[in-house]
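This report is for a reader who is new to the structure shown below. Please look at the sequence and the model before reading on.

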Number of protein chains: 2
Amino acid sequence: MTTIDDFVSIIPAGGVGSRLWPLSRADAPKFLHDLTGSGKTLLRATYERLVPLTGPGRTMIVTGRAHRAAVEAQIPELDDADIVLEADPRDSTVAIALAAAILRRREPDVIVGSFAADHVIDDERAFRRVVAEAVAAARAGAIATIGITPTEPAIGFGYIHAGEPAGVEGAPRAAVVRAFVEKPSAQVAREYVEGGDHLWNAGMFIARADVLLEELAKGEPELAAQIEELAEAWDEPARRGPAVDRIWPQLKKIAIDYAIAEPAAARGRLVVVPGDFDWDDVGDFSAVAKLHNGGRRGRLAILGDQGTVLADSASGIVVSQSKRIVSVVGIRDVVVVDTPDALLVTTTANAQRVKQVVDAVRRSGNTDAL
Amino acid sequence: MTTIDDFVSIIPAGGVGSRLWPLSRADAPKFLHDLTGSGKTLLRATYERLVPLTGPGRTMIVTGRAHRAAVEAQIPELDDADIVLEADPRDSTVAIALAAAILRRREPDVIVGSFAADHVIDDERAFRRVVAEAVAAARAGAIATIGITPTEPAIGFGYIHAGEPAGVEGAPRAAVVRAFVEKPSAQVAREYVEGGDHLWNAGMFIARADVLLEELAKGEPELAAQIEELAEAWDEPARRGPAVDRIWPQLKKIAIDYAIAEPAAARGRLVVVPGDFDWDDVGDFSAVAKLHNGGRRGRLAILGDQGTVLADSASGIVVSQSKRIVSVVGIRDVVVVDTPDALLVTTTANAQRVKQVVDAVRRSGNTDAL
């Protein structure tokens, strides 16, 4: 497969991943961890997955100032121009639309695709085929998203309701998006999976940069104008800082789903290409355990220092980040995350509740551990 | 109740309590912990339980050299003469018989009673009544033991088979011991509890010092002679050291049950007084949890630093000895023991298996953590 000349990837690297606390935290967010045992951080794996599509030097990372050094260490291939540093987090619309606006000034007809920095996809060939279709649809003027074919009636994801075929050349599987739907109940999720025309919303958007910004301007004209103003000053060193200082504090925090995708879908401008590849957003420690144990129960995954973990009749996952001895005895589906300043003990079935613990830690004032 | 003039208590303070690892360990053994939340270590509580029986200045502690400072800090009432420091551990016969031999040289008709340093008894009045009967039986020439009335068919204890009444003045409940029996099967334990004439062996022995040593000499004449030789030199500062250096390495390691109690029972010289008080040997973390949660399930006991423990839908026990945040989420009957260099995660049902972990740590060479 050859690279796509007019395509640039955008990787927003921002979320802490608080359901993976205390492993994932403000100064060591999820995307900077190797959660699969591949030897690569999720960010590095995401980057390497995209380079064959875009060619080298065609990736833009959007991240916080605090993560600049870590991101550069992970991807030494990046130039300064390939990193957008956020003064503070302003949600996904600012991250993606600002990168798109900067790229469009450099290359007016560019097609951009945004991909989370912390998802796992193993079947890279299938991924590339699907992205190539999405790029074809984007070139024809649509905003394209990739909807993952559900493998179970998950209630933790939003769904995309696919409609009639979009009839776009080069994108035979693209369908018009009828609607984005919020996380469903278990019953509704089962109906979605049986029905076959609902796909998981994996937050991947591919579009011409000008189309994306045009759609943003329709629903959020002020935000779109602010982003254009920032982008216009961005590549001039003397002007960027003052523009950021002036404009950044006013930027609206809004997810791209609400600011662009849903309104564009309502206007019939969104298409979805079904993603028939494996995909995991590694949303909690249950997912991490599943990735490591190959989906088989009764096993104990060990991340980190294996030498200090002693297990006897235990299954689940142990994350060993302190130098201490960790002994786990006679306990099934356990989650033990041992870090120098915080310990979590739960079960895979309760892995989603970790976010509440993080809230409790915040309330307790121990914010150093977050 | 008045004190018993001719009675001295011996408290062997030796066992590490490896089923309570990593809380209990070589340099912080079980008897130096407050496992009940009373604010007192088990050793201090044992001492305070016995002083009303013996009067002040009538307690002898037998412990390792490494624990001398900790024992003195716990019981500042002790004089140097009240502490027997072991050169290295030689099991319970040496600990108790040496103390008895030293005490007999100071006070020929003394009655001694040995009581573990790490058991829990709440009903002290009932305890004192039972000990007073045992002392009466001892004064009449018997070796008396206290057998705890079983509250469940426990398989973790040895049992004492009580026979006909001993007919001793001042000890109306004393019965002749038919036999000591090893830890039984569950079926046999049920029969014992139903039958009513089997009691738990709590390792408490009360006897005239001379009777105890006489019985030892019958079965273990060499050990008895060595102990006498040590005791004879003990109270002369210039002679104690050389005697210890010469004799200690030769001392046989044998439990008092085998060296004295069982043979004496076979000779009809042992009586048992039923102990109708609560008693707990706090053998594992399940017992610690039960002591704290008042036997009620569904509660989470927290030992140590309460302020850093965050629990959500959790029951069992958390021991927090590091300064870290410990979060326990959605897990029942859990045991989490968090110390600076070792972490244990198990369930109350598996608490007995902790000893195997300690063996595994030893094999792994991490002996600093033991």
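Where in chain B is Pro22(B) found? Pro22(B) sits in the loop that runs between strand E1 (7-13) and H1 of chain B. The model described here is predicted.

## Backbone details

In chain A, a cis peptide bond joins Trp21(A) and Pro22(A), with omega of about 5°. Pro22(A) has its place in the loop between strand E1 (7-13) and helix H1 (42-54) of chain A. As a general rule, most peptide bonds are trans, and most residues other than glycine have a negative phi.

Asp91(A) is not a glycine, yet its phi is positive, at about 75°. This residue belongs to helix H3 (residues 91-106) of chain A.

## Annotations and domains of chain A

The domain assignment of chain A gives domain 1 (7-275) and domain 2 (285-369). The contact between them takes 14 residues from domain 1 of chain A and 22 residues from domain 2 of chain A. Taken over C-alpha atoms, the centres of domain 1 of chain A and domain 2 of chain A are separated by 30 Å.

## How the two chains are related

Two copies of a chain are related by a rotation about an axis and a shift along it. For this model, chain A is superposed on chain B by a rotation of 179° with 0.0 Å of shift along the axis, and the RMSD is 0.1 Å. That is the relation of a two-fold axis. The C-alpha of Val345(A) is the one nearest the axis in chain A, 4.0 Å from it.

Through which surface do the copies meet? Of the interface residues of chain A, 100% are also interface residues in chain B, so the copies meet through the same surface.

## Cavities

Rolling a probe the size of a water molecule over the atoms shows where empty space is left. The count comes to 2 cavities of 30 Å³ or more.

The largest cavity holds about 60 Å³ of space. Its lining consists of Thr46(B), Arg49(B), Leu50(B), Phe115(B), Ala116(B), His119(B), Ile121(B), Phe127(B), Met204(B) and Trp279(B). These divide into 7 nonpolar, 2 polar and 1 charged. Helix H1 (residues 42-54) of chain B gives the largest share of this lining, 3 residues.

In the second largest cavity there is about 50 Å³ of space. Arg49(A), Phe115(A), Ala116(A), His119(A), Ile121(A), Phe127(A) and Met204(A) line the second largest cavity. By kind, the lining residues of the second largest cavity are 5 nonpolar, 1 polar and 1 charged.

Conventions. Residues numbered from 1 in each chain as written. Chains lettered and ligands numbered in written order. Predicted model: local features only at pLDDT ≥ 70, side-chain atom pairs only at ≥ 80, totals over all residues. Heavy atoms only, no water. Least-squares fit on C-alpha atoms with pLDDT ≥ 70 in both. Contact = heavy atoms within 4.5 Å. 1 Å grid on protein atoms, 1.4 Å probe; cavity = no way out; pocket = protein on both sides within 12 Å on 5 of 7 lines; lining within 4 Å. Points joined across faces, edges and corners; volume = space filled by probe spheres on them. Helix = DSSP H or I, 4+ residues; strand = E, 2+ residues; numbered from the N terminus. Nonpolar A, V, L, I, M, F, W, Y, C, P; charged D, E, K, R; others polar. Domains from an automatic or database assignment.
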